[in-house]
Amino acid sequence: MKNKTLALLNCHNSPALGALTESRPLASTSFLGRYALMDFALSNFTNSGISNTGVLVKDHQRSIQKHMGNMMSWANNTKTGRTALFFNEQGILNPAYNTDLNNIKQNDYVLYESNADLLVFEAPHIIASIDLSPYIEGHSERKDEITIVYKEIDDADKEFVGAHVLEIDDNGYLQTASINQGDKSRAKVSMEIWLINRDTMFKMIKEHQRCDAAWGIADMIVHMAKHGLAKVRCVPYTGYARRFDSLEHYVEYSFELLDLKVSKELFLKDWPIFTRTHDTPPAIYGPDSNIKNSFISNGCLIDGEVKDSIICRGVKVAKGTVVEHSIVLSNVEVQEGAKIKHVVIDKYSKVTKNHTIMGDKDNLIYLIQGITA
C-alpha cells in the first residue's frame, strides 16, 4: 500500500510564533540547533517507507526551499522517490483563501498523474516520531475513507490549545469536532495526521464548492462526518507529541529535550531524524570554555560559559561571556564579557562587549534577526 501512498507535509495550518516566524514559516524554523521543525514529519514519511512526498507551502517559499536544498536528504529511494513543492498562487493574492484544500485544488494534477490511492497529511508544528505504517495498513484493511490520528491528553487546558478536540462514538468514528479553547483538561486532540483516499479527496473537492471557500481540509473532514458524506475513523497515538503554538512553548519544548529521559521519547532507536547536511567543521571549545547541559552545534567557537542552552551552527561565544537558559540561532556573535539569560537571539545578530540582557522564565526576551545589542 505504501508504494501507492503520497505523503504531504501540510504547512497551511501552523500557528505563528510572533517575531520568530515573521520572516520564515514555522516549518523551517530552527530546532535544537541542527534541525528544522519540518524535519520530523519528513523523517516520519521516510522511515515509514513512503517514497513519494510533497510539501504544501503556504508562504515564505524561499525559506522552505533553502532548507530543503536538493530535497534528497529525506529520500528513501533516490531512483523512484520524488518530493515536490506545491503552492497556491491565487491564495498568495487572497490570504483568506490560502488554505490547504485550495492548494490541492490548484495542484490537482498530482491527483490525476500520481498512482497514489491514499494521501497522508502531517503538520510541521506537531512533532512526534510516529511510524505511519500501522495506520496506513489499518486504514486499507478496514477500507476506511478518512482516518484521523489523535492523542488523548490530560492537560488540554495548557497543551494543544487551538487544536481540534474530537468527539468520537463507541465504534471509533468521528461525530463532530471543536476548537480546543483550553477550558477542560482531558480531551482527544487531533494530531493533524489525516489519511484520505484519493477518491474521497475528489468527493471532498466537489463538496467544497457548496461550502465556505475559506474552509480547509480539517473543516471539510468535520463537515463530511456530520452530514454522513464520509465515515471518519479516529485512531489513537500514545507516544511523545508536542504542538508548537507560541514562542513560550517553542522554548519550553526545546529545553525539555535537554533531559535525556524526555529526549529518548522523541529520538527513538532505529528512527533517525534526517535534515539537510551542512559542510561545517566540528565545534571548537577554547581552554576557558565551560559547557553544562547544552546542545552545541557544529561550526561553533565556544570560549565562554554556556549553561542549559541551545546553540545553533556558526555561533561565536567569546571569553568571559555567560549564556544561560537561552536559544541562540545561527551565526550569532556574543562578545567578551556579555551575559545573557532567558533570551532567544535570532540569526546574524551580535551582543556587544560587557552587555547584559536578562529576561526571566515568564518574560522571555527575543532579539530580532540581524540586530546589534
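**Strands, a helix crossing and a pocket**

Modeller: Val328 in E22 is the residue that stands opposite Ile311. This is a predicted model: local features need pLDDT of at least 70, side-chain atom pairs count only at pLDDT 80 or more, and totals for chains, interfaces and linings use all residues. Residues are numbered from 1 along each chain as its sequence is written, and side-chain values use heavy atoms, leaving out hydrogens and water.

Biologist: What joins strand E19 to strand E22?

Modeller: Two bridges, between residues 310-311 and residues 327-328. Pairing needs at least two DSSP bridges, so E19 and E22 pair. They run parallel. Both belong to an open sheet of five strands, ordered E16-E19-E22-E25-E28.

Biologist: What makes E16 and E28 edge strands?

Modeller: E16 (295-296) and E28 (365-367) each pair on one side only. Strands here are DSSP E runs of at least two residues; helices are H or I runs of at least four.

Biologist: Why is H7 called roughly perpendicular to H8?

Modeller: The axes of H7 (residues 198-208) and H8 (residues 217-226) cross at roughly 90°. Roughly perpendicular covers 65 to 115 degrees, so the label holds. The axes come within 11 Å. Contact (heavy atoms within 4.5 Å) includes Met201 and Met204 of H7 and Ile217 and Met220 of H8.

Biologist: Which helix gives the most to the lining of the largest pocket?

Modeller: H2, with four residues.

Definitions and conventions: Axes are lines fitted to C-alpha atoms, for helices over the stretch in contact, and angles run from 0 to 180 degrees between N-to-C directions. Angles under 35 degrees count as roughly parallel, over 145 as roughly antiparallel, 65 to 115 as roughly perpendicular and the rest as oblique.
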